[in-house]
Amino acid sequence: MQLSRRGATWMLVLVTLMWGGGFAASEYALRAGLGPAWILLIRFSIGSLFLLLCFFRGIRSASGRTALHGIWGGVILYAAFLAQLVGQGRTTVPNAALLTTTNVIMVPFIIWAFRDRRPHPRIFLLCLASMSGMVLLTLDGELRIAPGIGDLLILLCAFLFALHIAYLELVCFHDDPVPVAFWQLLTCAVMSGVSLLLFPSPVSAVQLKNGLLPCLYLGLFSTGACYLMQTKAQTVLPAARAGIVMSLEGFFGTVFSLLLGLAVFRPAMAVGGLILTASVVLSSASDA
């Protein structure tokens, strides 16, 4: 049955809701003492195993071309998540959630570079608005602009996520979403394992026990289910339109972090987050 654009849109709303909860889950896993490489290895191993068990026949019968598309998507995805986790350990959860949403502004420019499709003129004004939002978001208690290395890593992560969204439109639009999603997640799991072999990060049984529950959430929901749904939705929705919905991830991530006591509310954060969220939504709306 062909997925409608309305169905794909609501599918992405569910994805952003689960991704928003993923920021809180990642924070709990980091606080349990698990390093970024361990978190990525566990979540992507669970996610790829989940897809393999549910869709073994479809994955086995996929073409080599489709698998290659998924592998390259996985390379981009792994780099994005590594930057996100390392950055989140050095900034607040709301900052990580809201700064990640700037990837939506970057998508039209990446599409422009590859397809010579110039963004709408108001995109440039919205970029300035989003930068002002980032300034407010990174104000410290003494009203100084204080973006740290964590915020910069999250911005790098946002660029890589934007590249991944654009990649799915440019390369995977006509692929079967199930094997593409599987090979993406398996590639991330393998790269995480290689990272641990090259740069060993000892972990205790207590740390694994304390971090297991949030990692299970990340693996089953934020990874396995979400990337299957995102890949499926992007076989119907163009990258810019998909970005409108996925910008909600930052909103949900901030709400979850505040409700769970993982962050302290600041008025400047609210204003900056509002400007930033409005900018990314309007930037995509011009191309929808």
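Trainee: Which residue meets D175 in a salt bridge?

Mentor: First off, this is a predicted model: local features need pLDDT of at least 70, side-chain atom pairs count only at pLDDT 80 or more, and totals for chains, interfaces and linings use all residues. Residues are numbered from 1 along each chain as its sequence is written, and side-chain values use heavy atoms, leaving out hydrogens and water. A salt bridge here is a side-chain nitrogen of Lys or Arg within 4 Å of a carboxyl oxygen of Asp or Glu. D175 makes one at 3.5 Å, N to O, and its partner is R65.

Trainee: How many residues apart are D175 and R65?

Mentor: D175 lies in the loop between α8 (149-170) and α9 (177-198), while R65 lies in helix α4 (residues 64-88). Helices are DSSP runs (H or I, at least four residues; strands are E, at least two), numbered from the N terminus. The pair links distant parts of the chain, and the gap is 110 residues.

Trainee: Is D175 buried or exposed?

Mentor: The classes go by relative accessible area with a 1.4 Å probe and protein chains only: buried is under 20%, exposed is over 50%, and partly exposed is in between. R65, at 54%, counts as exposed. D175 has 7% relative accessibility, so this residue is buried.

Trainee: What is the geometry of the F182 and W183 pair?

Mentor: F182 is buried at 6%, and W183 is partly exposed at 25%. Their ring centres are 5.3 Å apart with 75° between the planes, which makes the pair edge-to-face.

Trainee: Which helix holds both Y217 and F221?

Mentor: Y217 and F221 form a tilted pair, 5.5 Å centre to centre with 35° between the planes. Y217 is partly exposed at 25%, as is F221 at 40%. They sit four residues apart, about one turn, in helix α10.

Trainee: Which ring has the charged end of R43 over it?

Mentor: A charge sits over a ring if NZ of Lys or CZ of Arg is within 6 Å of the ring centre and within 35 degrees of the ring normal. Ring pairs link W19, F44, F81, F161 and Y227 into a cluster. The charged end of R43 is 5.4 Å from the centre of one of those rings, that of F44.

Trainee: Which helix gives the largest share of the nonpolar patch?

Mentor: That surface patch is made by Y28, F251, V255, L259 and L260. L259, for one, is exposed at 68%. Three residues of the patch come from the helix spanning 248-259, and that's α12.

Technical notes. Patch = residues over 30% accessible without salt bridge, like charges linked within 9 Å, V, L, I, M, F, W, Y side chains within 5 Å. Areas by Shrake-Rupley, 256 points an atom, 1.4 Å probe, with all protein chains shown as cover. Phe/Tyr/Trp six-rings, centres within 6.5 Å; stacked < 30°, edge-to-face > 60°.
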